Amino acid sequence: MATFKEFSKGSITVTRSVIVEDAFTQDSSFDVALIQPAGTVLSKCYVRFITAPDFDNSSTLTIDIGTASDDDAILDGASLMAANAADFGLLDKAQTSGISGTAPGYSDAQRDVHVKITTSNHTVTTNGDIAITLFFDHIG
């Protein structure tokens, strides 16, 4: 027979942020690494334009999130956005692909989480600045 024990620890969320200046170049990508604290799960990622970029209307941006050994284990290019869009909601929205059922966002040890953004092979007139913020919830 199962035994149940009720407990509540409270909620602790840690954020890690980085600003990337002159972020986008035609047919190119960049990678930033942010530290994930031990015993946390990556719950959200927001990418926000600080200085609006200007791309060809047919451009796309692809975002991968993963670890050094597997750079798309958490989010595998599942979100293709129009280049001049303002909303980059990622992990907090349902994805049709790219998020594994093995909870790759959780780690019981501190590690680097890499965010890679790739720009399609279209004209970039203004490459813009962005802020990347990862939210980690303590659960263990």
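At 52% relative accessibility, Asp-22 counts as exposed, the cut-off for exposed being over 50% relative accessible area, with buried under 20% and partly exposed in between (1.4 Å probe, protein chains only). The structure is a predicted model, in which local features need pLDDT of at least 70 and side-chain atom pairs count only at pLDDT 80 or more, while totals for chains, interfaces and linings use all residues. Residues are numbered from 1 along each chain as its sequence is written, and side-chain values use heavy atoms, with hydrogens and water left out.

Asp-22 sits in the loop between β1 (13-20) and β2 (29-36); strands are DSSP runs (E, at least two residues) numbered from the N terminus. Its phi is near 50°, a positive value in a residue other than glycine. The loop between β1 and β2 also holds Asp-27, whose phi is positive too, near 55°. Asp-27 counts as exposed, at 54% relative accessibility.

Ser-59, in the loop between β4 (54-55) and β5 (60-67), is buried, with a relative accessible area of 3%. A polar atom of the Ser-59 side chain lies 2.9 Å from the backbone oxygen of Asp-56.

Leu-134 touches, among others, Val-14, Leu-34, Leu-42 and Val-115, not counting residues up to four places away in sequence; contact means heavy atoms within 4.5 Å.

Notes. Helices (H or I, at least four residues) and strands (E, at least two) are DSSP runs, numbered from the N terminus. A polar contact is a pair of N or O atoms within 3.5 Å; within protein, one must be able to donate a hydrogen and the other to accept it, and residues adjacent in sequence count only if both atoms are side-chain atoms.
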